[in-house]
Amino acid sequence: MNKNDYEQLSSFRFQLRKFLRSSEDICRANGVTPLQYQLLLHLMGAPGRDWLSVAELAERLQAKHHGVVALVDRCEKLGLIERRPMQEDRRKVAIHLLPEGLRLLERIAELHQKELQLLKEVFEHPAR
């Protein structure tokens with residue numbers, strides 16, 4: 001690697017951290033943790049369906065299964081999501097967004113748009 005490679009890597013990490021910091025602030029200002037927001041986002045963004053299993057959420061969040069179970073518990077207590085038994089195997093549960101969770105997700109996602117646009121511009125036109 002040369003100096004330019006390190007500069008680009010540093011710039012990438014800086015811009016990513018700025019976005020994440022802004023996201024953390026937005027989430028907290030709206031009464032949820034960044035992980036709670038990410039859980040809601042992944043439920044709405046599930047490819048081809050509107051629910052995920054705990055194992056799938058753990059993969060999407062890059063978190064341990066037991067930690068995601070605790071996160072689901074907290075979001076469920078807030079009335080943002082609910083567990084529903086899966087049709088094919090009633091021992092397993094699907095995690096679904098509730099209307100309050102969707103409203104919160106929409107509000108927070110909208111507040112992210114300015115920072116997302118800035119991040120997009122940085123990656124479309126990286127410093128040379």
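Colleague: How many bridges join strand 1 to strand 3?

Modeller: This is a predicted model, in which local features need pLDDT of at least 70 and side-chain atom pairs count only at pLDDT 80 or more, while totals for chains, interfaces and linings use all residues. Residues are numbered from 1 along each chain as its sequence is written, and side-chain values use heavy atoms, with hydrogens and water left out. Strand 3 covers residues 93-97 and runs antiparallel to strand 1; two strands pair if DSSP finds at least two bridges between them. The number of bridges joining strand 1 to strand 3 is 2.

Colleague: What is the order of the strands in the open sheet?

Modeller: The sheet has 3 strands with antiparallel pairing. Strand 1 (51-52) and strand 2 (81-85) are the edge strands, each pairing on one side only. The order is 1-3-2.

Colleague: Which residue in strand 3 stands opposite Leu52?

Modeller: Strand 3 spans residues 93-97 and is joined by bridges to strand 1. The residue of strand 3 that stands opposite Leu52 is Ile95.

Colleague: Which helix packs on the sheet, touching strand 1, strand 2 and strand 3?

Modeller: Contact means heavy atoms within 4.5 Å. Axes are lines fitted to C-alpha atoms, for helices over the stretch in contact, and angles run from 0 to 180 degrees between N-to-C directions. The direction of the helix in question makes about 100° with that of strand 3. It covers residues 34-44 and is helix 2.

Colleague: Is His42 buried or exposed?

Modeller: His42 is found in helix 2. Leaving aside neighbours within four places in sequence, His42 is in contact with Leu52, Leu57, Arg60 and Leu61. Buried means under 20% relative accessible area, exposed over 50%, and partly exposed in between, with a 1.4 Å probe and protein chains only. At a relative accessible area of 16%, His42 is therefore buried.

Colleague: Which residues does Gln15 touch, not counting those up to four places away in sequence?

Modeller: Gln15 is found in helix 1. Its relative accessible area is 15%, so Gln15 is buried. The residues that Gln15 touches are Leu119 and Val122.

Colleague: How does Leu20 count in terms of accessibility, and what is its relative accessibility?

Modeller: The place of Leu20 is in helix 1 (residues 3-29). Leu20 and Leu97 are 77 residues apart in sequence and 23 Å apart in space, C-alpha to C-alpha. Leu20 counts as partly exposed, at 38%.

Colleague: What is the phi of Gln62?

Modeller: Gln62 lies in the loop between helix 3 (54-61) and helix 4 (65-77), and counts as exposed because its relative accessibility is 61%. Most residues other than glycine have a negative phi. The phi of Gln62 is a positive value, near 55°.

Colleague: What pattern does the chain follow along the sequence?

Modeller: Helices (H or I, at least four residues) and strands (E, at least two) are DSSP runs, numbered from the N terminus. The chain has 6 helices and 3 strands. Read along the sequence, the pattern is α-α-β-α-α-β-β-α-α.

Colleague: What share of the residues of the chain count as buried?

Modeller: The C-alpha trace of the chain spans about 55 × 30 × 25 Å along its principal axes. Among contacts between residues at least 6 apart in sequence, 47% join residues at least 24 apart. Of the 128 residues of the chain, the share that count as buried is 31%.
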